[in-house]
Amino acid sequence: MEVKKIKNLKLYYMDPCPYCQKVMRYMEENNIQVEMVDILADPKNREELIEVGGINQVPMLLIDGKPLYESDDIVQWFKDNM
Ligand SMILES: N[C@@H](CCC(=O)N[C@@H](CS)C(=O)NCC(=O)O)C(=O)O
């Protein structure tokens, strides 16, 4: 049986974004906690989002250094992996 080891998860988000809210609501309902990066809190966070993900779009879940965009795909990833 494969044992999945998730080392590092970071969610890039901003509060006014409804797609981010959808992901965060799912996380709250399922008691999922990851490191949160608010791109409005510091311009450096948005720079980091673009640097690591390549696209200026939230939400983005960084999974062991690999970016996952699209709120539906992020929620599905949580369903499959958490
Ligand atoms: N289809 C995407 C839509 C994401 C999206 O449109 N995000 C907006 C904020 S709500 C965004 O990042 N826009 C770029 C910007 O505001 O700079 C999803 O479901 O995650």
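Predicted model: local features only at pLDDT ≥ 70, side-chain atom pairs only at ≥ 80, totals over all residues.
In strand E3, Lys10 has Leu62 as its bridge partner; helices (H or I, at least four residues) and strands (E, at least two) are DSSP runs, numbered from the N terminus. Residue numbers start from 1 along each chain, following its sequence as written.

**The big picture**

- The chain has 3 helices and 4 strands, and from the N terminus on they run β-α-β-α-β-β-α.
- For 82 residues, a compact globule would have a radius of gyration near 12 Å, and the chain agrees, with 12 Å. (The radius of gyration is taken over C-alpha atoms, and the globule rule is 2.2 Å times the number of residues to the power 0.38.)
- Along its principal axes, the C-alpha trace spans about 40 × 25 × 20 Å.

**How the sheet is put together**

- Strands of a sheet pair through backbone hydrogen bonds, either parallel or antiparallel.
- Here you get an open sheet of 4 strands in the order E2-E1-E3-E4, with mixed pairing; two strands pair if DSSP finds at least two bridges between them.
- E2 and E4 (66-69) stand at the edges with a single partner strand each, so one side of each has no neighbour in the sheet.
- On average, neighbouring strands of this sheet are turned by 25° against each other, direction ignored. (Axes are lines fitted to C-alpha atoms, for helices over the stretch in contact, and angles run from 0 to 180 degrees between N-to-C directions.)

**Who pairs with whom**

- E1 (residues 9-13) and E3 (residues 60-63) run antiparallel, joined by 4 bridges, and Leu11 stands opposite Leu61 in E3.
- E3 and E4 also run antiparallel, with 4 bridges; Leu61 has Leu68 as its bridge partner in E4.
- E1 pairs with E2 (residues 35-38) in the parallel sense over 4 bridges. In E2, Lys10 is partnered by Glu35, while Tyr13 is partnered by Asp38.
- To get from E1 to E2, the chain goes through helix H1 (residues 18-29), and this β-α-β crossover is right-handed. (That means that, with the strands pointing away from the viewer, the path from the first strand over the helix to the second runs clockwise.)

**Helix H1**

- H1 has 12 residues and reaches 16 Å from first C-alpha to last, close to the 16 Å expected at 1.5 Å a residue. (The expected span is 1.5 Å times one less than the number of residues.)

- Most residues other than glycine have a negative phi, and most peptide bonds are trans.
- Asn31, which follows H1, has a positive phi near 55°.
- E3 and E4 form a hairpin with 2 residues between them, and Asp64 in the turn has a positive phi of about 45°.
- The peptide bond from Val58 to Pro59 is cis, with omega near 0°. Pro59 is in the loop between helix H2 (43-53) and E3.

**Around the ligand**

- The residues around the ligand are Cys17, Pro18, Tyr19, Asn56, Gln57, Val58, Pro59, Glu70, Ser71 and Asp72. (A residue is near a molecule or strand if its C-beta atom, placed from the backbone, lies within 6 Å of it.)
- H1 and helix H3 (71-81) each supply at least two residues of this shell.
- By class, the shell has 5 nonpolar, 3 polar and 2 charged residues. (Ala, Val, Leu, Ile, Met, Phe, Trp, Tyr, Cys and Pro count as nonpolar, Asp, Glu, Lys and Arg as charged, and the others, Gly among them, as polar.)
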